Each structure stands twice: as structure tokens, then as C-alpha cells.
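Here is a model to question. Each label below is tested against its own rule.

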Protein chains: 2
Amino acid sequence: MQDWPMNVMRLVDHAEREHGSREIVSAWADGSTTRTNWGEVARKARQMSRALTAMGVGKGDRVATLAMNHERHLIAWYGAIGVGAVLHTLNPRLFPEQLAYIVNHAEDKVMLYDALTTPLVAAMRDKWPTVEKYVCFDPPEGGAPDQGFEDWIGGEGDDFAWVNADERDPIGLCYTSGTTGNPKGVTYEHRGMILHAYAEIQPDCFDLSKTSVALPIVPMFHANAWGLPWAAPLVGCKMVLSADYSAPRMVSLFREEEVTHSAGVPTIWIDMIQHIAKTGEELGPLKRVTIGGSAAPRAMIKWFRDRDVTVGHAWGMTELAPIGTLPGKPDGWDDMSDAEQVDYTARQGRVPFGLELRTVDDEGNELPRDGTSSGNLQVRGAWAIQRYFKADEDAADADGWFDTGDVAAMHPDGSMQITDRSKDVIKSGGEWISSIELENAAVGIDGIAEAACIGIYHPKWDERPLLVCVKRDGCELSGDEVIEGLKGQVAKWWLPDAVEFVDELPHTATGKLSKKTLREQFAEYRFEGVEELAGRD
Amino acid sequence: MQDWPMNVMRLVDHAEREHGSREIVSAWADGSTTRTNWGEVARKARQMSRALTAMGVGKGDRVATLAMNHERHLIAWYGAIGVGAVLHTLNPRLFPEQLAYIVNHAEDKVMLYDALTTPLVAAMRDKWPTVEKYVCFDPPEGGAPDQGFEDWIGGEGDDFAWVNADERDPIGLCYTSGTTGNPKGVTYEHRGMILHAYAEIQPDCFDLSKTSVALPIVPMFHANAWGLPWAAPLVGCKMVLSADYSAPRMVSLFREEEVTHSAGVPTIWIDMIQHIAKTGEELGPLKRVTIGGSAAPRAMIKWFRDRDVTVGHAWGMTELAPIGTLPGKPDGWDDMSDAEQVDYTARQGRVPFGLELRTVDDEGNELPRDGTSSGNLQVRGAWAIQRYFKADEDAADADGWFDTGDVAAMHPDGSMQITDRSKDVIKSGGEWISSIELENAAVGIDGIAEAACIGIYHPKWDERPLLVCVKRDGCELSGDEVIEGLKGQVAKWWLPDAVEFVDELPHTATGKLSKKTLREQFAEYRFEGVEELAGRD
Ligand SMILES: Nc1ncnc2c1ncn2[C@@H]1O[C@H](COP(=O)(O)OP(=O)(O)OP(=O)(O)O)[C@@H](O)[C@H]1O
Ligand SMILES: Nc1ncnc2c1ncn2[C@@H]1O[C@H](COP(=O)(O)OP(=O)(O)OP(=O)(O)O)[C@@H](O)[C@H]1O
Ligand SMILES: [Mg+2]
Ligand SMILES: [Mg+2]
């Protein structure tokens, strides 16, 4: 057989050659909609590659984007990787300290940003000494500090030979701010992303084909929009990229662009379900949604099923690029009752070929797949992390097993069910809040002896932080004062939704805070004034 | 990302671990049906690997099979590759001279054969000096010369660690007897077959998922049953393997085993369509058939469409393992009229990601994709041939282009249409007849001056040979006498369906026989007594 180095640039070449006129629609933040196609995306990516080459950016250099989903962001992915650079997608919602750390750690050379993030970029500029060039994705308005993207690449010719790459060369960099300590960079490679793309188009996963119209409602800076910008050119489907995730916009895009496939976190779908409950709008030809990032609630699953939309529930993480499980259907699906089908879907799917999953107890012994034994979920395989960017040690053990920080049970039918989380984080609307950082900030407040932060179920955000504090003897302090004390120390959207005071916090035998016991104690806790929403149990 | 060498043994490991109880049904030649599952297939493959290791068969050795489709044949594939051996699938319908040549060229060490081929094996034994061990797949009956398969492996334990392999190591060997000269061996490799499997399960190709029930009506010795024994464990679907392709058996398997996906050459479907026309039988839950190997006739496409079966038409060849195109649907499919959809399907599909197609004129200039320019069809990519087994030269040119011997037009929508064939062969019921060998045999007959053999449309076999002869001056000779003279020189099923005499054959300017002109002259020719059949235009 032939040598055929795997390279993601082959994806855009294939799409240009075989699906050149297939549309890419951008729904911009200003409400406008524009159209281009795979042929143009490839052509402009070559222009951008020339512009990067002209300024000396090449193999291994990091090119950062701070942007929502739109065609120019897509072009920039392929344009950057085309010169051998590593695409670093930044989350604009991160706290400035994190953004400073990440950009410096990555040593980003080029920063491509949306006009909406101009104030953020202005504030960060002198904290980002490695950045040599700023380009604004949007056309510059009066007084704009930087060149616009189209202007930057527009003067270039459109012939360019993608720089040769080894299939194990890095192409992407994504920082995960989930766990304790500094954010950690996850690198993606040509080979792994090609295999990931092949795996995720399969009928049991996203089920993508040339006639699909895919609208990812997950940002391109979140684990590469779940890989969809790699998967779409593989099959040549139409893509709808939206910089705006508001429910009215989404629902009208579904209809106007005849979206057949969509994907997003539960929070997104809750908004949409509520919007539709109010307006009675139609979903158009939508036939498949994939829900992941947090557990898909049963009522949400039912809501889509009632509308003849196939709903797939998947689990993944940045360290897996991100597909960890595919939703699929189990053997015997057609003979299952409605309730059994919903039960199955409410679990987190099964492992695709390319990865392996297992659960182990705290001593590392593999647990049986009996549907009841819960343990630490581990994963290894073709697109699993080996080592964080610039780290001195592998993130995977000698056998390749990476500990996900999730706690799960494996069922006899091969499906996996997340039952808890061992990593100390809270996932709000698909994004991480570090409980440990909140706790550290809290104990810095006068009058607080000890603090513990846990995620509490929230009908819209899935989880929001609750801060449980022990007061210092004799101190008087209100919850509002605690919140006040946290302001400025953490991002605004990290601020706890409530503060509760207790006489003592539970500890383990070895004296560590027992989050597990605390979570049990507060299992029934609900934030005040928060109503149950449509699409939730 | 992690190291993850691609290896087809991972497929059966995955199927055992994740889909262990999913059934493999065998419909045997004697009319019986048995069941096993992916777990058992993996377990017995390990037993076979131990049996091979015990007799010293290992890395790079060739293990041949001479068998129809059944579970033991499937086990043997993985059992052989598990020790690093190369699986050589032999076509039992080949002429003894070809079988002698092929086995000696491949230097097969082990021969696994179906009881039905016992007489053939008996006749070949002393022509196959390299074969050290014969095993009969079926349980031995009284006086059987060789050990039975279950007996051979049954004594072995079932723990075995697959022998380490490089992803570019060969795993399969398939001879193509199509073109002139000796049969040529095509080798398959771990890496290419994994990519091929990922590509072919996609919605636009076979559309396979865990809940699928796949019945390949294409032999495992024909380009690996179109790759289905690699694709099925990837998704964990149920497989139905039948050693018998008779229409009544197929149709009852469709219903009894609830087959959802099937694939085969047009000749197979013609039989089935006729059978159903006679009996009025139901097809069961069948939802997708893939037709390839020869052009799918429009009436056949319509027949399936009328029964709500999605029909995909693909093109491929042994040199492509064999998927060359995927059927898919074009952009705008839903807005096409019924006739337009049938027109599109009657073409040969479009290229999947992983391969590239182009057409060139005789000087090697690439032709436009205008739907009318016909030229030599060339292909290159991840699972395309580089060099025939033991050949001194590459089969692909310096840029990787392999000339398929097919003549095609590329359409603006990316679809490919086979318009002619430049290689001098006739394809009868999915198998090759070499026109050149027939011509050489014919001119050896007294009284024949010159002979040319071309394929003529046949409603059942797609093509059958017509021999056009020029008599030597003054000689008298009948068609029957010519056929009589060919007997013994070529396989019985190669004998021309008719012999026609002409005064002179057309030649090119350089004096070569012009098959193109001859085919034009006989374009309307039909064999006598052959009626149009159901499922044909
Ligand atoms: N279906 C799910 N059910 C429950 N938890 C999930 C699910 N999917 C992901 N998670 C949680 O999210 C973690 C991964 O988050 P991470 O931010 O790395 O992934 P991501 O792909 O970026 O997702 P997102 O786009 O939602 O941010 C998992 O370890 C798990 O805790
Ligand atoms: N859909 C098709 N339409 C027309 N011709 C086809 C089609 N598919 C294959 N062919 C012909 O068959 C040739 C490949 O035959 P080959 O025997 O190598 O393939 P194969 O995969 O073994 O197929 P089969 O199982 O039918 O023998 C192609 O070069 C072409 O001439
Ligand atoms: Mg995330
Ligand atoms: Mg063949």
C-alpha cells in the first residue's frame, strides 16, 4: 500500500477538490449572515499561510485565536497549520490572569481576535510580550488598533504548498483550566486528529455525511468545537458557524439553514427548549443532536425524542480531543421500551474503536463491568493525551492509562455512566470553575477559618458553586460580605451562587477535607429562587 | 497524543471487549446454521495463533485459505494475522494452473480449505510443494485426509499475545487474475486496512453501526469481502456469513437474521430479484444494499428504491482493498427528481477522504471534470497499491498514481462514471476472464488466423465473452469446433458464449488489434436465447 502521511491539511484539500461549492455559513455577532464555501476556505487559508510565511511564522510557532465560531476563524485554523504552526485556541471568558499565564506559557507569536474582545486584548497587550502581531478578525472600524484579517491576507496570492509535516507534529493547543494549579496545555497532532475525525463521523457518533448541515453550538476554543471543523471537510457537509448562541438566533438558523445535525452542552439546549416552549417555533429538519460536556438530563432527552430528533449523549474532555465515548445504540435497541431507551441514553455512551476505557479502585485494581461498581475512570488510545505541553512528566501511566478525574460505572452492555467527579472542579455551562481556587480566595477573607466549595445542581448551568464556610471563633460575617471579599480575586462568573455557614466541615481519616461527604450532606440543597426549567427532570 | 500503532488485531480485541456477545451467524453449505459471537471469534483466533506458533509459523509466513464465508474462515483471518503471518485468500473457482502458480508464488505454508474443495485440494497437493500443513475447515468425515479446524485448534489454550507488528507490515495477500500475464499479488497492511475500515463504515459508504446486521454476499476471497470483516468488529455489528449464495437461502437469511445491510455484485442481486418475483417473498428489515464489482443497472437500483431500501453503488478493485468510491448522496439530493436520483446512483459514486481520483488522456494530461471527457482513471492514496507482491517495480507512478485500467468521466458534482475499460478483461459474475488468454488459446486452434475476445452484455453475468475470429484462408470451421478446441485450455466457465467469424478484425494505426472499434462494432450484439431478466433495463 502507499505511503500516506496523515495530515489535517489533506482534509481541506479534499473538501476543496471534492466538495468545493458546499457552503460554510457564518452567523456573526452583529446579527448578519454571510456565506462562503470549502473552496474559498482552502483558498484563503493558502493566502493566510503566505502572510504568516512572509512574517517569518512557521514550523512549531504558536498562532493564537481569541474568537467565536465563524468562517475567518475556520480559515485561520487551516492557514496556521498550513505553515506548520500550532493553532492555539483561547477561551475569551477566562480571567485575565489565566489569559496572561496561558499566552506566555504557549509563547504565542500571533494573536487573531474578534472585535468584541478588543477591550480584553487592549488590557492584555503589555502582559503578552511574545505576541508580535495582532490581527482583528473583523474589518477595522475607526481608530481600530490592528489590521483586519481580510486586509491582512487579501494582498496575498492564493498559491501555497502546505509546509511538510510529520504526522506526529503538533497542530493544536488547548489549555484546560479545570483542575488545580495553573492551566495545562493539551496538544493535538495530525495523526490523532485524522483518526478522531474518521471515528466521529461514524453512524454511532455524529453520523455525518455530505448531505448533513452541521451547526456546532460549541465554541471552536472548546476542544476544537468537539472536532467538527475536522470532521466536516472529511465528509464535505455544509457547516453553519455561529458567533452568537442565543436561543432565538439558533432556532432561526436551524430553520433558515436547514440544519440537520447539532451539538452542544446541556445549558445551550435548556435555553433553546425554553425559548421554543415560549414561542412554539419549529426546529426545521433537525434530525440529530449530540449532547455532552455535562450529563444530559432525562427530560431533555425525552424532549428531543418527542420531536423525532435522535439524541446522542457523549462524554469527552479536552485531553481526548475531545471524543471519549460515542452515543450509539446498544444491541437490541428496537426491542427496548421507551423508558429503557431513555435510561440508556442518559448514560454516557460507549467507547469508540481507537480508545479503551476502564474503571479502577483507589489501589488501581480494575473494577468489573457490572453497572454498579463505581471507580476512577481511565482512558487510553489513539487520541488520548500522553503529556501536557511543556510538562516534565507524562500525564498517562506506563501502560498509557490517563486518569480522567471522573468517577464512573461500566455497564455489562459496554455503556459508561458518570457517577461522580474526583477532580475538584465545578462545571458551569460547559466551563470550569476551580473549587480549590475559590477556597483559597475565601480563606484569605478575614473571619473565615475554613472553606469548601462544591458544585450544586442548577437547572440552567448544570452546576453552580456553593461555598460552605466555618467562621473563625467569635467572628460575625454575612454571606454577602464573603462574596464581596471574593470579588476581584476570581472571575465574576466564578462567584458562588450562595454561601452557607457550618460549625465544622467533614474530614477524611487523614485529615483532608472530604468533599465526597460534603456533597452527600448537600445532595438535596437547591439555590433559592431558582425554578425548575423546561427540559429538566 | 499517545502512540497507537494501527493494527487490525485491535479490531478483534475491541469487538471482544466491547461487543463480545454480538452474534456471528454462519450459514453453511450443507444448509445448517450455527452461531457464535465476537468474543468466541477472538478466543478461537488466539487458539489458532497458538497452533500456528507451535508449528513454527510466524512473522511474514503465508497462510492460505480456500474457503467460502463462515465463522471458521473469519477466525482464521485473525488467527493467522495474530502471529504476524500474511493471510492469503484463494479463489476456489480459479483454474488449476492459476492455483498452482499463485500458491507457489506466495509460498503458502499452511492451507485451510473447505470440505467442498477436497477434490481440488487433492488434485493440487503435489503441485504445492511449499504447503507444510493442510487443515480442513469442516469436521473430518470418514477417510478425510487432513485434520479438522476445530480439532486442530481445540487442544490449545486461549491465551496468546498477538505478535508485535509494524503498522506497515503486510497482513493480507489477494491475487488478481484480471489482467494479462500471470496473476499478481496485492498485499494489504495493518495501517491501510484500519483507515479503510474507518472510511467504509461512514454514513456515505456502508453506514454501519452496532445495531446493523451485515450480510456480505461477496466472498471473503474477493478483496476481503469488500473489507467487511474488518469493518464489522470496528462498530460491533452482527455479521451473517453464508457459504451459500443461492437466492432462496439469501432471502430467508435476510428475514430470519433480520439483515439490515448487504453488499454484492449485480449478478447476485439479479438472482435474488428473480427469485422474489417468482415467490413474492419479503426482504425483512433490509435497509441498505451496496452494489459494486460491475455497474449497477438502473432497473436494479429502482427495484430496491421501490422497496424503500437505500441502494449505494460503489466502484473498487482488489488493488484498492477494494473501496475506490463511496456511494453517498450528492448535495441537493432531496431536491432531485426520482429520475435524477436514479441517474446519480447509476454512476459509480465519489471518492472518499483517503483516496484521490483523476482521469487523464493517453498523454497523461488531466481531464476536466465536465461529465463528458472520458479518460484513463487513476487513483492514489492511503489504501491504494504501491507495488505488486514480489514485483521489481512499482505499480504506481512517481506521484503515486495507479492506472486502474478503467475508463471514466468525472462529473462536476464529484461523481465518477465508468464509461469503458482499457484493460483487456471480461468480468463475468464478478470474476475475471482474460480476453488475451482466450485469444492466445484460440489462435492455437487449427484454421484460425486471428482472434479477438470481447465482453458482451449479459443480463445475468453482466458480461460474457464473445470470440470473434478470422479464418485462415480456405479453412472451414464452426463455432462449436472452436469451443471444442478451447476446452481443456481454459477454465470451463471462461468458454465463450458465442463465436462469430469476420473477414477482418479492426486494427489501430500501429497495427494493434483495436478492441475499442471492435466493441463499437458489436455494441448491439446480444447472445441468442438470452432473455432480459427482472431488475435489468
Ligand atoms: N456527558 C457527560 N456527562 C457528565 N460529565 C461530562 C460529560 N461530558 C463531559 N463531562 C465532564 O466534563 C469533563 C471534560 O471537560 P472539558 O472542558 O475538558 O471538555 P470539553 O470537551 O472542553 O467540554 P466542554 O466543551 O463542555 O468544555 C469530563 O471530565 C467530565 O467531568
Ligand atoms: N461499480 C462498478 N461499475 C463498473 N465496473 C466496476 C464497478 N466496480 C468494479 N468494477 C470493475 O471491476 C474492476 C475491479 O475488479 P476486482 O476483481 O479487482 O475487484 P473486486 O473488489 O475483487 O471485485 P469483485 O468482488 O467483483 O471481484 C474495476 O477495475 C472495474 O473494471
Ligand atoms: Mg472545556
Ligand atoms: Mg475480483
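A salt bridge here is a side-chain nitrogen of Lys or Arg within 4 Å of a carboxyl oxygen of Asp or Glu. The model is predicted.

Q: How many salt bridges does the rule find across the interface of chain A and chain B?
A: The rule finds 10 salt bridges there.

Q: Why is the pair B:Glu167 and A:Arg191 called a salt bridge?
A: The closest N and O atoms are 2.8 Å apart. The cut-off is 4 Å, and Arg and Glu are on its list, so the pair qualifies.

Q: What makes up the side of chain A that touches chain B, by element?
A: Elements giving two or more residues include helix 1 (9-19), strand 9 (184-189) and helix 9 (228-235) of chain A. Helix 7 of chain A gives the largest share, seven residues. By class, that side has 28 nonpolar, 13 polar and 18 charged residues.

Q: How much area is buried between chain A and chain B?
A: About 5000 Å², with carbon and sulfur atoms giving 53%. A:Met1, A:Gln2 and A:Phe353 supply 23% of what chain A buries against chain B, more than any other three residues.

Q: Why is the pair A:Glu431 and A:Arg93 called a salt bridge?
A: Their side chains meet at 2.1 Å, N to O. Across the interface of domain 1 and domain 3 of chain A, the rule finds one salt bridge.

Definitions and conventions
Residues numbered from 1 in each chain as written. Chains lettered and ligands numbered in written order. Predicted model: local features only at pLDDT ≥ 70, side-chain atom pairs only at ≥ 80, totals over all residues. Heavy atoms only, no water. Buried area = accessible area lost by both parts, 1.4 Å probe. Helix = DSSP H or I, 4+ residues; strand = E, 2+ residues; numbered from the N terminus. Nonpolar A, V, L, I, M, F, W, Y, C, P; charged D, E, K, R; others polar.
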